[in-house]
Amino acid sequence: MNEHPIQGLMDVTLEKIKKMVDSNTIIGNPINMADGTLILPISKVSFGFASGGSDIATKTSKDLFGGGGGAGVSIVPVAFLVVREGNVRMIQLADTSNSVDRAIGMMPEMVDKITELFKKDKNTKQEP
């Protein structure tokens with residue numbers, strides 16, 4: 001059974017999307033600073049895909065096919081993960097109005113502060 005022309009059209013379009021969008025697009029390549037700080041860029045990736053075609057009935061024995069496909073990709077940088085001296089910080093590039101996004105963004109900082117409080121409390125109890 002021969003492959004339908006729409007199949008080839010879709011395969012080519014999806015292959016091109018795979019080449020454009022990979023894991024390095026979302027979490028970028030790490031940037032190593034001279035002081036040992038590691039910076040990881042984070043992006044939001046959105047994409048859409050459409051494909052369509054038509055077989056046109058003819059009086060001749062020749063099959064006619066018309067089709068097309070397309071895709072769009074949007075890559076928006078949203079944050080940086082900064083790893084320095086064992087601490088991880090997330091720096092957001094845009095102020096989000098979504099409370100959940102803000103809470104998630106503040107999570108590493110809150111964990112660090114709570115850890116520091118427990119360390120101070122432990123050191124205070126151990127001193128005579």
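Colleague: Which share of the contacts in the protein chain with a separation of 6 or more comes from residues 24 or more positions apart?

Modeller: One first notes that this is a predicted model. In the protein chain, residues 24 or more positions apart account for 47% of the contacts with a separation of 6 or more.

Colleague: What pattern does the protein chain follow when read along the sequence?

Modeller: One begins with the list of elements and then takes their order. The chain has three helices and four strands, and along the sequence they follow the pattern α-α-β-β-β-β-α.

Colleague: In what order do the four strands form the sheet?

Modeller: Two strands count as paired if DSSP finds at least two bridges between them, so one goes through the sheet pair by pair. Here the four strands form an open sheet in the order β1-β2-β3-β4, with antiparallel pairing. The edge strands are β1 and β4, each of which pairs on one side only.

Colleague: Over how many bridges does each pair of strands run?

Modeller: β1 and β2 pair over two bridges; Ile 31 has Ile 39 in β2 as its bridge partner. β2 (residues 38–56) and β3 (residues 64–84) pair over 19 bridges. Among the residues facing each other there, Ser 54 stands opposite Gly 66 in β3, Ser 51 has Gly 69 as its bridge partner, and Phe 49 stands opposite Ala 71. Finally, β3 and β4 (residues 87–92) pair over six bridges, with Val 82 opposite Arg 89 in β4.

Colleague: Where does helix α1 lie, and at what angle does the helix run to β2?

Modeller: An angle between elements compares their N-to-C directions. Helix α1 (residues 5–20) lies across β2 and β3, running at about 170° to β2. Leaving aside neighbours within four places in sequence, Ile 17 is in contact with Phe 47, Phe 49 and Ala 71. Ile 17 and Phe 49 are 32 residues apart in sequence, yet their C-alpha atoms are 8.8 Å apart in space.

Colleague: Is Ile 17 buried or exposed?

Modeller: The cut-off for a buried residue is under 20% relative accessible area. Ile 17 counts as buried because its relative accessible area is 6%. Ser 43, found in strand β2, is also a case to check: its relative accessible area is 14%, so Ser 43 is buried. Not counting residues up to four places away in sequence, Ser 43 touches Thr 25, Ile 26, Ile 75, Val 76, Pro 77 and Val 78. Over the whole chain of 128 residues, 11% count as buried.

Colleague: Which side chains meet in a salt bridge?

Modeller: Side chains of opposite charge can pair when their charged atoms come close. The cut-off is 4 Å from a side-chain nitrogen of Lys or Arg to a carboxyl oxygen of Asp or Glu, and by this rule the count comes to one salt bridge. The side chains of Asp 35 and Arg 84 meet at 3.6 Å, N to O. This pair links distant parts of the chain, 49 residues apart: Asp 35 is in the loop between β1 (31–32) and β2, and Arg 84 is in strand β3.

Colleague: How is the accessibility of Arg 84 to be described?

Modeller: Arg 84 has a relative accessible area of 44%, so Arg 84 is partly exposed.

Notes
Residues are numbered from 1 along each chain as its sequence is written. This is a predicted model: local features need pLDDT of at least 70, side-chain atom pairs count only at pLDDT 80 or more; totals for chains, interfaces and linings use all residues. Side-chain values use heavy atoms; hydrogens and water are left out. Buried means under 20% relative accessible area, exposed over 50%, partly exposed in between (1.4 Å probe, protein chains only). Contact means heavy atoms within 4.5 Å. Axes are lines fitted to C-alpha atoms, for helices over the stretch in contact, and angles run from 0 to 180 degrees between N-to-C directions.
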